Amino acid sequence: MAIVYQKSKGLTDKEMHYCPGCTHGIVHKLVAEVLEELNLLDDAIGVCPVGCSVFAYDYFSCDMQEASHGRAPAVATGIKRVHPNSPVFTYQGDGDLAAIGMAEIIHAANRGEKITTIFINNAIYGMTGGQMAPTTLIGQKATTAPLGRDKDLCGGPVHMCEMMSAIDGAVYVERVSVNNIPNLNKAKKAIKKAFELQMQNAGFAFIEVVSTCPTNWGKTPVESMKWLEENMLPVFPLGVYKDVEEVASK
Ligand SMILES: Cc1ncc(C[n+]2csc(CCOP(=O)(O)OP(=O)(O)O)c2C)c(N)n1
Ligand code: SF4
């Protein structure tokens with residue numbers, strides 16, 4: 001029988017532990033497919049965060065390195081400098097990247113490290129049970145904000161793409177989601193472009209994926225996707241925030 005669909009060679013056979021409706025698994029699939037399609041699996045080195053995707057090292061079939069919480073960009077910097085011809089990526093949640101790891105990501109971008117960052121923004125700390133993240137929406141409930149995030153007390157959600165696009169060393173910054181098929185295809189295209197730019201030695205590339213956490217949002221998978229569309233996408237608009245290739249061609 002003709003094969004119409006096959007799991008990417010970029011993923012191992014290990015069963016993923018993600019909750020039903022969690023988009024981590026979908027994004028893993030896209031990254032794995034891109035690495036396979038670009039023939040990078042033998043050389044790629046991924047750096048996993050601390051967070052629900054801590055076990056990404058069991059799921060991707062390329063070389064993987066675990067970093068302590070928030071430090072993936074610093075670890076990836078060291079790896080890339082030792083292996084300048086290998087595609088190096090970090091895969092980080094919003095607690096990991098935008099809270100404890102904010103300094104690492106800003107300085108890696110500012111140095112123009114030739115790495116690719118996949119940033120999973122699900123507006124909450126997933127692994128530790130639903131504490132408020134830097135990206136939690138105003139009014140969104142979290143275990144540490146039981147009445148909802150209060151702007152006067154905590155400020156508003158941090159907009160990472162908007163910030164990263166202002167940094168000279170970042171060459172490509174895009175915010176995507178995987179909430180429907182057209183957006184999933186755009187997300188894959190963005191991830192692919194980020195790796196292609198890295199292989200051209202262009203500079204730092206940052207892809208934010210607006211994501212779900214049904215478990216800590218207290219919603220079903222279907223309700224979560226709807227909540228993401230109605231509440232997260234207006235606050236975190238999708239699109240290309242920086243593309244040096246486009247700037248150069250104008
Ligand atoms: C130094 C340190 N501080 C705190 C923690 C606890 N911790 C583990 S995961 C996590 C947050 C993870 O949230 P996020 O990065 O948003 O990823 P998600 O689980 O939502 O994918 C925290 C605070 C830790 N492991 N190490
Ligand atoms: S707790 Fe949230 S982020 Fe973690 S696996 Fe479950 S749904 Fe995904």
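Glu113 lies in the loop that runs between helix 5 (102–110) and strand 4 (116–121), helices (H or I, at least four residues) and strands (E, at least two) being DSSP runs numbered from the N terminus. The model is predicted, so local features need pLDDT of at least 70 and side-chain atom pairs count only at pLDDT 80 or more, while totals for chains, interfaces and linings use all residues. Residues are numbered from 1 along each chain as its sequence is written, chains are lettered from A and ligands numbered from 1 in the order in which they are written, and side-chain values use heavy atoms, with hydrogens and water left out.

With a relative accessible area of 5%, Glu113 is buried (under 20% relative accessible area, with a 1.4 Å probe and protein chains only). Beyond residues up to four places away in sequence, Glu113 touches Thr77, Arg81, Ala108, Gly203 and Phe204, contact meaning heavy atoms within 4.5 Å.

Helix 10 includes the buried residues Ser224, Met225, Trp227, Leu228, Met232 and Leu233, and its buried residues pack against the elements tabulated here.

| Packing partner of helix 10 | Residues |
|---|---|
| Strand 4 | 116–121 |
| Strand 5 | 170–177 |
| Strand 6 | 204–210 |
| Helix 9 | 214–217 |

At Leu228, helix 10 bends by about 35°, the bend being the angle between axes fitted to the seven residues ending there and the seven starting there.

Helix 9 also gives the most to the shell around ligand 2, with three residues.

Technical notes
Buried < 20%, exposed > 50% of the residue type's maximum accessible area, 1.4 Å probe, protein only.
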